[in-house]
Amino acid sequence: MGHRFLYIFILMIMFSGAFSQNKYTLSGTITDAESGEDLAGALLSVQNSSYNTICNPYGFYSITIPEGNFNIEIQFVGYENQVLKVNLHSNQVIDFTMKPVSYELENIEVRGKSADHNVTSLGMGSLKINPKQIENIPVLFGERDLIKVMQLLPGVKQAGEGNAGFYVRGGGLDQNLILLDEAPVYNASHLLGFFSVFNSEAIRDAELLKGSIPAEYGGRASSVLDIRMKEGNLKDYHTTGNVGLISSNLSFEGPIKEDVSSFMVSARRTYADLFLNFAPDKDLREAQLYFYDLNLKTNFKLNEKNRLFISGYLGRDKFRMEDQFGFDWGSKTATIRLNHTFNEKLFSNSSFIFSNYSYQIDLSGDNDVLLGSVIQDFNLKQDFSWYLNAKNTLKFGANLIFHKIVPGEVEASPGSVYNTLAVRPRRALETAVYFSNSQQVSERLKIYYGLRLAFFSNVGPGDFYSFDSKGNLIKTNSYDQFIWVKTQGGPEPRLALNYKIGRDDAVKASYNRIYQFIHLLSNSTSSTPTDVWLPSSDNVKPQISDQWSVGYFRNSHRNMIESSVELYYKNLHNQIDYRNGADLVFNSTVEAELVFGRGWAYGAEFLFRKNEGKLTGWFGYTWAQTMRQFDLINQVDQNSKGLSFPARQDMRHDISVVAMYDLARKLKISATWVYNTGNAVTFPNGKYEVDGRIIGYYTQRNGYRMPDYHRLDFGLTWIRKQTAKFESSWNFSVYNAYGRENAYFISFRQNKENPEKTEAVQISLFKIIPSISYKFKF
Amino acid sequence: MTNRLTYISGLILILITSLSCEKVIEVDLSGSNEAIVIEATMTNNKLPFTVLVSKTSPYFGTKTKNPVSGAKVSIRAEKGKTKSFEEISPGIYQLKGTIASAGFWYIADVEYDGITYSARSFMNEVVPISDLSFSYFDGFGFFDSGYKVNTYVRDPASKENYYRLKYFVNGESIDDGGEITLYSDQLFNGKDIGLGQRSTVFQETDTLTVELQSIDKATYNYFLTLENISGTAIQQSASPANPISNFNNGALGYFSAYTFDRKTVIVSDYLKK
């Protein structure tokens with residue numbers, strides 16, 4: 001398979017290069033004129049031709065075009081367009097700087113990031129957001145959150161009220177590859193999911209890929225959320241702060257040496273526990289409940305050809321009740337990377353990445369015992385971009401990740417009544433190599449083809465288990481250090497095409513296969529701090545997704561309005577669930593508790609988006625269906641094969657409307673409205689009495705539906721002051737403005753007065769939540 | 001231990017979601033075929049062996065009990081004689097005057113409507129309560145103040161042990177906040193340990209009886225999975241399922257052959273000590 005693909009690949013490139021004439025390469029960087037930061041995603045196009053290229057995430061571009069005199073245009077959202085005359089008769093390096101649009105200029109037409117990108121790019125089901133664009137969207141508790149905005153897009157479903165977890169096109173919560181400066185983030189939420197770990201003041205931009213996923217990404221079956229931190233202003237020092245009701249943040253950035261190196265540091269802390277001071281109860285007053293985040297980034301231009309970036313993230317939630325118990329959890333990531341420009345056509349990025357997620361529960365109060373779990377990665381990554389010629393851009397590279405997972409550990413002090421228990425750590429090596437080419441076949445047709453070979457090897461030291469068909473342990477095999485135990489994986493083809501029908505519309509199609517080797521075991525409706533990641537092994541096959549999608553994309557009103565319709569079908573193999581009553585945390589043979597099945601999802605997504613003018617925003621609608629089937633779940637009786645059932649995230653209709661309006665130069669208002677039909681849920685079909693209590697009788701998995709969900713939010717931003725030296729603004733928002741009591745969950749219980757009676761009870765979380773925050777920058 | 005984690009997560013959730021509200025709603029639940037429910041218990045004590053046989057009923061129906069009369073109920077030791085039960089009132093079957101010994105497998109058979117439902121349970125040796133201790137709990141948030149009891153056991157090191165604790169105040173069984181107090185010795189095998197309780201608190205005048213049941217793994221699993229779908233509604237399981245029964249042929253319920261030890265104290269007497 002791999003060989004054949006490689007052969008076709010080489011053939012295609014040779015073929016496309018066969019007509020070459022005299023061509024030269026224009027390359028360089030595109031940066032912000034004021035801060036000196038890279039403008040990843042900026043578009044460079046040659047006027048009156050079909051030649052164009054997009055800056056890579058490090059602000060580097062390269063384009064090869066026939067000899068001649070051209071007008072080169074550069075465009076990026078929020079920046080003034082620029083046109084430069086270029087006489088190209090040899091290879092040239094041109095570094096562009098772009099001026100941000102100032103508020104005075106705002107009424108002048110500002111073209112978005114490559115105005116017709118929606119139609120011309122190969123990307124499908126992808127969306128880029130930068131925090132500035134979404135500044136005015138109303139949010140819960142006034143806490144701006146990129147992930148919450150992503151959830152307002154078609155095909156992305158929120159994992160419960162106010163939750164930062166999300167499902168993409170029928171995939172699981174663990175099937176999203178969430179990267180912060182290339183480092184995977186294993187638990188992206190704080191405070192039981194109500195906040196994401198991404199402090200938007202520290203974020204430069206974020207891109208969600210749900211359809212066509214390029215070959216440089218792998219490891220999660222359904223989507224990629226690629227988040228990049230700000231790099232720090234290379235010219236001036238700036239301080240930015242936000243003061244909100246439940247959290248505040250402060251960021252500081254500036255040059256270390258002007259135009260050569262800079263830094264950015266941003267910190268955020270919630271102070272929800274300050275409210276506990278008003279509690280009548282002494283213990284509650286002394287309780288701690290907060291989280292903090294710290295983002296750091298620095299970069300150095302070592303010389304013309306090399307640039308070094310170092311970035312890190314540290315975030316932790318803390319919960320403590322006197323000396324009784326403490327519970328804290330959080331992530332750490334670090335990325336060191338080197339950009340190297342070999343020549344005007346070949347660009348390289350080398351990264352060393354560290355990621356760690358852990359939680360710890362301290363029961364020292366009564367029992368002198370610590371419980372905990374850790375997942376840790378060391379990751380080496382090498383990527384090359386080769387701007388071969390006008391028609392071909394090649395990418396290739398390799399990735400090596402060393403995983404260590406400690407599923408559960410109990411550390412008892414010598415005097416403790418508990419025994420120390422360690423479920424032996426699991427170690428594994430994930431390897432991948434990839435190559436891809438995006439090729440302009442003709443004026444109208446652009447294609448992308450890539451292949452990623454992904455493998456996962458369990459390595460010693462560690463214990464591996466053999467089970468019989470009923471899940472009883474037959475044999476434990478212990479392996480020594482560096483012993484290869486089991487390798488799984490395979491080829492992942494990635495294909496995409498864009499066929500331009502007219503000037504303003506295009507048809508796109510894509511196919512991806514992705515392997516996922518580590519899996520999240522969770523039985524709660526959202527991610528919780530104690531979720532366990534489980535690696536593939538001799539008992540656990542990797543999850544595999546196959547996704548086909550087609551779409552029609554159209555721009556109108558001079559690219560002011562973008563619209564698209566996308567259809568997708570996704571097949572998920574080796575999906576994981578577990579037996580009833582499984583102990584997932586302190587169980588070395590947790591694999592015996594697992595059951596395997598398959599899933600499929602399909603849907604249609606409609607998006608209309610207006611990017612310019614006084615009124616901006618979008619309307620999105622999704623129709624979707626998501627199913628699962630397991631032999632051992634949802635059986636009619638013990639001997640039959642389980643019936644297929646809707647997945648928890650199955651939701652037929654989903655609408656979101658986002659509108660932002662500039663009322664006056666210093667006053668902006670916004671509103672969002674979301675509506676979705678209820679997701680699938682399991683309710684009892686009958687009842688009976690056991691042990692003196694009334695118990696529900698369950699016959700069908702996810703056989704019922706939650707009530708419809710809808711909600712309206714309002715936001716208002718009032719810019720108090722705006723000068724070159726100082727900016728300040730107030731933001732007011734109202735979450736759930738008409739006080740809809742949306743069901744968070746529905747439980748069934750005996751009536752308190754009359755235990756003979758049983759009733760269904762709906763729990764709603766947030767009725768009307770107003771919030772206010774103040775932002776300043778100098 | 002997992003339960004404890006859930007409990008702590010639940011606590012955090014209570015703190016943040018004090019803004020939440022609840023209301024009783026109408027839910028349209030379709031009916032289902034009736035299933036048979038068997039609750040069979042036997043001990044090494046002089047208590048009669050009791051088997052309750054019933055059927056499921058519609059969830060919002062007025063009838064809670066749906067007893068099944070005319071079933072043939074019997075129990076035998078693995079290699080012993082079959083002893084038949086007598087139906088003393090509808091759905092309640094009893095066997096008096098028989099004493100079972102620990103250390104054996106027992107088999108319960110319930111025959112009804114031409115189907116025999118069977119389950120096996122192993123009767124473990126008695127693990128005595130070595131001591132009780134009380135500690136005062138200040139209470140916080142929604143939790144009342146009062147005394148909490150610790151039940152001490154010397155866990156036998158030689159094998160896996162599973163415990164269920166039940167509490168009686170002035171002779172009345174109390175449900176510890178609707179929760180089922182279960183322990184497996186996975187984390188404390190062979191140690192002297194105080195087994196704590198959860199929500200309920202006791203007052204000085206209370207006469208408290210603690211019952212420590214030594215149960216088998218199947219019973220432990222049954223109650224563990226039963227607790228997932230009952231008790232406090234906070235942190236409800238995302239995919240509730242019927243508890244794991246040791247009965248075959250699709251019967252709900254369980255068969256538990258267990259031994260127990262009890263200790264009774266007046267809280268104030270203990271405090272004087």
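**Entry 1: a sheet in chain B.** I began with three strands of chain B, which form an open sheet in the order β11-β12-β16 with antiparallel pairing. I noted the edge strands as β11 (129–137) and β16 (192–195) of chain B, each of which pairs on one side only. On average, neighbouring strands of this sheet are turned by 30° against each other, direction ignored. I recorded that the model is a predicted one.

**Entry 2: one pairing within the sheet.** I then looked up strand β12 (residues 146–154) of chain B, which pairs with β16(B) in the antiparallel sense over four bridges. I found B:Arg154 opposite B:Asp192, the latter lying in β16(B).

**Entry 3: the nonpolar cores.** I turned to the largest nonpolar core, which has 86 residues. Within this core, A:Met150 and A:Leu225 have the most contacts. I listed what A:Leu225 touches, leaving out residues up to four places away in sequence: A:Asn176, A:Leu177, A:Ile178, A:Leu179, A:Ala206 and A:Leu208. A second, separate core has 75 residues, including A:Phe325, B:Tyr106, B:Leu182 and B:Leu224.

**Entry 4: chain A as a whole.** I counted five helices and 51 strands in chain A. Its radius of gyration is 27 Å, close to the 28 Å that the globule rule gives for 778 residues, so chain A is as compact as a globular protein of that length. I noted that the C-alpha trace of chain A spans about 90 × 65 × 50 Å along its principal axes. Of its 778 residues, 49% count as buried. Finally, I considered the contacts in chain A between residues at least 6 apart in sequence, of which 64% join residues at least 24 apart.

Technical notes:
Residues numbered from 1 in each chain as written. Chains lettered and ligands numbered in written order. Predicted model: local features only at pLDDT ≥ 70, side-chain atom pairs only at ≥ 80, totals over all residues. Core = buried A, V, L, I, M, F, W, Y, C linked by C-beta atoms within 7 Å. Buried ≥ 20, exposed ≤ 12 C-beta atoms within 10 Å, placed from the backbone. Contact = placed C-beta atoms within 7 Å. Pairing = 2+ DSSP bridges. Helix = DSSP H or I, 4+ residues; strand = E, 2+ residues; numbered from the N terminus. Axes fitted to C-alpha atoms, helices over the stretch in contact; angles between N-to-C directions. Rg over C-alpha atoms; globule rule 2.2 N^0.38 Å.
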